[in-house]
Amino acid sequence: MANTSSAKKNVRKMARKTVVNKSRRTMVRSNLRRVEDAITAGDKAAATAALKVAEPSMMRAVSKGVYHKNTASRKISRLSKRVKAIG
């Protein structure tokens, strides 16, 4: 339990940031899922289009501190390799 006023303020700040980061993480996961679904379906055009949307959203999440840079790069690299292997 927060005792000082600054600790109480930090609790409030973190609650607000948690909501924002959760929404960013959800958006990134949805975009990655769209790429995965297109890869599973074997639709190269849809997978490429979904990847073009997923990559900037992933890197935006990195710049906001939601993901680590290497994690995002690794995920994008693996997805693009799989998309390239479809056709």
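**Reading a buried residue and a pair of helices**

Modeller: Let us begin with N31, which counts as buried because its relative accessibility is 7%, under the 20% cut-off. Please bear in mind that this is a predicted model.

Colleague: Where is the place of N31, and which residues does N31 touch, leaving aside those up to four places away in sequence?

Modeller: N31 lies in helix α1, residues 5–41. With those sequence neighbours set aside, N31 is in contact with V53, A54 and S57.

Colleague: Which residues of α3 are buried?

Modeller: The general idea comes from the helical repeat. An α-helix has 3.6 residues a turn, so residues three or four places apart point the same way. In α3, the buried residues are A72, I76, L79 and V83. They cover an arc of only 70° around the axis, and therefore sit on the same side of α3. The exposed residues R78, K81 and K84 are carried on the face turned away from that buried side. Among the elements covering the buried residues of α3 are α1 and α2 (44–63).

Colleague: How is the packing of two helices described?

Modeller: One gives the angle between their axes and the distance between the axes. For α1 and α3, the axes come within 10 Å and cross at roughly 25°. This angle is under 35 degrees, so α1 is roughly parallel to α3. Their crossing is left-handed. On α1, the contact is made by L32, V35, E36 and I39, and on α3 by K75, L79, R82 and V83.

Technical notes: Residues numbered from 1 in each chain as written. Predicted model: local features only at pLDDT ≥ 70, side-chain atom pairs only at ≥ 80, totals over all residues. Heavy atoms only, no water. Helix = DSSP H or I, 4+ residues; strand = E, 2+ residues; numbered from the N terminus. Buried < 20%, exposed > 50% of the residue type's maximum accessible area, 1.4 Å probe, protein only. Contact = heavy atoms within 4.5 Å. Arc of directions from axis to C-beta. Axes fitted to C-alpha atoms, helices over the stretch in contact; angles between N-to-C directions. Parallel < 35°, antiparallel > 145°, perpendicular 65-115°, else oblique. Left-handed = near helix turned anticlockwise from the far one by under 90°.
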